[in-house]
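Here is a short report on one protein model. It covers confidence, charged side-chain pairs and strand pairing.

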Amino acid sequence: MEAYRGKLIGVMGDEDTVTGFLLAGVGQRGARGSNFMVVDSKTSVSDIENKFTELTERDDVAIVLINQHVANEIRHLVKQYKKLIPTVLEIPSKEHPYDPEKDEIMKRVNLLLGVE
């Protein structure tokens, strides 16, 4: 566990979600950029893809929290992402309920448990 001390949590989501995590102290800005992204209707899919790739390739990020509706925009990247660290977790937002049928982590867990 010592190897993960001081690691960051990345956040990608709607304004309410990101603001909540920033208020909780998750936000970080530095030479490597920020560990968060607010996604709205004007955000391009390529910008979302770039930030997801950036966060999942950083060695100082242990977890990437992403609103499920944002993950749906880049499902192809989320689906092919296989690394353990940083772990990618899909979370609900105020406007979009969580659907475990779309969550890649839940699909893998169910596969391992033999649940269909």
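The model is predicted. Its mean pLDDT is 89, and 95% of the residues reach 70 or more. Confidence is highest in helix 2 (residues 45-57), with a mean of 97. It is lowest in helix 5 (residues 104-113), where the mean is 77. Where pLDDT is low, the predicted coordinates should not be read in detail.

**Salt bridges**

The structure contains seven salt bridges. Side chains of opposite charge can pair when their charged atoms come close.

| Pair | N to O distance |
|---|---|
| Arginine 32 and aspartate 59 | 2.8 Å |
| Arginine 32 and aspartate 60 | 3.5 Å |
| Arginine 75 and glutamate 90 | 2.6 Å |

**Around arginine 32**

Arginine 32 forms a salt bridge with aspartate 59. Arginine 32 sits in the loop between strand 2 (29-30) and strand 3 (33-34), and aspartate 59 in the loop between helix 2 and strand 5 (61-67), so this pair ties together parts 27 residues apart in sequence. How accessible are the two partners? Arginine 32 has a relative accessible area of 44%, so it counts as partly exposed. Aspartate 59 is at 53%, which makes it exposed; the cut-off for exposed is over 50%.

Aspartate 60 also forms a salt bridge with arginine 32. Aspartate 60 lies in the loop between helix 2 and strand 5, and arginine 32 in the loop between strand 2 and strand 3, so the pair ties together parts that are 28 residues apart in sequence. Both contacts belong to a network of salt bridges that links Arg32, Lys51, Glu54, Arg58, Asp59 and Asp60.

**Arginine 75 and glutamate 90**

Arginine 75 and glutamate 90 meet through their side chains in a salt bridge. The pair links distant parts of the chain, 15 residues apart: arginine 75 is in helix 4 (residues 75-80) and glutamate 90 in strand 6 (residues 87-91). The cut-off for buried is under 20%.

**Strand 6 and its neighbour**

Four of its five residues are buried. Strand 6 runs parallel to strand 5, and five bridges join the two. Valine 64 stands opposite valine 88 in strand 6. In a regular strand the side chains alternate between the two faces of the sheet.

Conventions
Residues numbered from 1 in each chain as written. Predicted model: local features only at pLDDT ≥ 70, side-chain atom pairs only at ≥ 80, totals over all residues. Heavy atoms only, no water. pLDDT = per-residue confidence, 0-100. Salt bridge = Lys/Arg side-chain N within 4 Å of Asp/Glu carboxyl O. Buried < 20%, exposed > 50% of the residue type's maximum accessible area, 1.4 Å probe, protein only. Pairing = 2+ DSSP bridges.
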